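Please look over the structure below before reading on.

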Amino acid sequence: MAIQQRAERTRQEILSSAARVFDRVGYERASLARIAGEARVTTGALVFHFATKSDLATAVCGRARAVTRITVESACLSMEGVGGTSIDKLVITTHALIRLFETDPTARAGERLARELQSTASGIEQECPWRREVERLVRYAAAEKALHPDADAAAVATLINYVITGVELEIRHPNARNDEPWSVEGSGLHHPAEERLRRIWELILPGLVHPTTRLLDTAGPSPDPGAGSAPTRQIPPKGRSATTS
């Protein structure tokens with residue numbers, strides 16, 4: 001039993017190390033020797049658990065999908081009993097995703113590997129939990145008539161996918177100047193990527209939401225959906241100011 005436990009701990013450490021290496025350098029530059037060095041095991045020990053780099057990449061993506069699925073499901077569950085529309089859930093889910101990408105190298109590695117290997121590794125090409133959840137929430141928003149009459153649901157889902165991917169790439173390759181309002185030194189923000197997402201939502205929500213739809217105030221950088229009486233705000237038609245209750 002002790003041997004099996006040590007073997008499982010070694011396997012998990014190899015997976016964590018592989019995720020960090022894939023996140024930093026990508027699939028092509030990540031050698032088994034490099035990953036073994038990160039995990040502080042011999043290459044032979046690594047190959048005992050994962051015969052090829054492709055096997056490692058598939059396992060890392062599987063772990064990334066699992067943690068991402070838990071994140072999006074937990075974000076939606078956190079809204080239970082608070083009220084709000086599927087758009088509220090969509091906003092808070094995207095914030096949860098960005099916090100995950102900022103803090104979890106496995107989640108970031110899964111995103112990078114999916115992009116780099118989407119046409120070459122069949123084991124990597126599985127349904128993405130967060131993209132599936134985005135599409136589901138947009139469909140529900142359309143069914144609730146919470147979307148703007150001129151907004152196409154498929155186009156909205158694609159837009160949100162682009163936003164999340166773009167912010168995730170910005171986390172990986174930050175280029176913000178210190179004088180930008182979301183830069184760490186310029187504003188003291190601990191999560192500049194999430195602040196950037198908040199500003200994007202402020203920009204696009206008026207064009208996505210039906211003029212009569214009332215949204216919970218979940219678009220801030222650190223939403224607290226557990227609060228018993230979350231404030232609401234109405235997204236107005238263009239040219240009119242929002243009302244707050």
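Lys-145 is exposed, with a relative accessible area of 64% (exposed means over 50% relative accessible area, buried under 20%, and partly exposed in between, with a 1.4 Å probe and protein chains only). Lys-145 sits in the loop between α7 and α8; helices here are DSSP runs of H or I with at least four residues, strands are runs of E with at least two, and both are numbered from the N terminus. The phi of Lys-145 is near 60°, a positive value in a residue other than glycine.

This is a predicted model, in which local features need pLDDT of at least 70 and side-chain atom pairs count only at pLDDT 80 or more, while totals for chains, interfaces and linings use all residues. Residues are numbered from 1 along each chain as its sequence is written, and side-chain values use heavy atoms, with hydrogens and water left out.

Another loop residue is Arg-40, found between α2 (32–39) and α3 (43–49). Arg-40 is not a glycine, yet has a positive phi of about 60°. Its relative accessibility is 81%, so Arg-40 counts as exposed.

The next topic is a pair of helices, α5 and α7. Their axes come within 8 Å and cross at roughly 165°, where axes are lines fitted to C-alpha atoms, for helices over the stretch in contact, and angles run from 0 to 180 degrees between N-to-C directions. That makes α5 roughly antiparallel to α7 (angles over 145 degrees count as roughly antiparallel, under 35 as roughly parallel, 65 to 115 as roughly perpendicular and the rest as oblique). The crossing of α5 and α7 is left-handed, a term used if the near helix is turned anticlockwise from the far one by less than a right angle, with right-handed used if clockwise. On the α5 side, the contact is made by Ser-86, Ile-87, Lys-89, Leu-90, Thr-93, Leu-97 and Phe-101, and on the α7 side by Trp-130, Val-134, Leu-137, Val-138, Tyr-140 and Ala-141; contact means heavy atoms within 4.5 Å. By class, the contact of α5 with α7 has 10 nonpolar, 2 polar and 1 charged residues (Ala, Val, Leu, Ile, Met, Phe, Trp, Tyr, Cys and Pro count as nonpolar, Asp, Glu, Lys and Arg as charged, and the others, Gly among them, as polar).

Thr-94 also belongs to helix α5. With a relative accessible area of 1%, Thr-94 is buried. Leaving aside residues up to four places away in sequence, Thr-94 touches Ile-160, Ile-164, Leu-197 and Trp-201.

Now consider α6 and α8. The axes of helix α6 (residues 105–117) and helix α8 (residues 153–172) come within 11 Å and cross at roughly 110°. That makes α6 roughly perpendicular to α8. The crossing of α6 past α8 is left-handed. Arg-108, Glu-111, Arg-112 and Arg-115 in α6 meet Thr-165, Glu-168, Leu-169, Ile-171 and Arg-172 in α8. By class, this contact of α6 with α8 has 2 nonpolar, 1 polar and 6 charged residues. The buried residues of α6 include Thr-106, Ala-107 and Leu-117.

Ile-171, in helix α8, is partly exposed, with a relative accessible area of 21%. Not counting residues up to four places away in sequence, Ile-171 touches Ile-98, Phe-101, Glu-102, Arg-108 and Ala-193. Ile-171 and Glu-102 are 69 residues apart in sequence and 6.7 Å apart in space, C-alpha to C-alpha.
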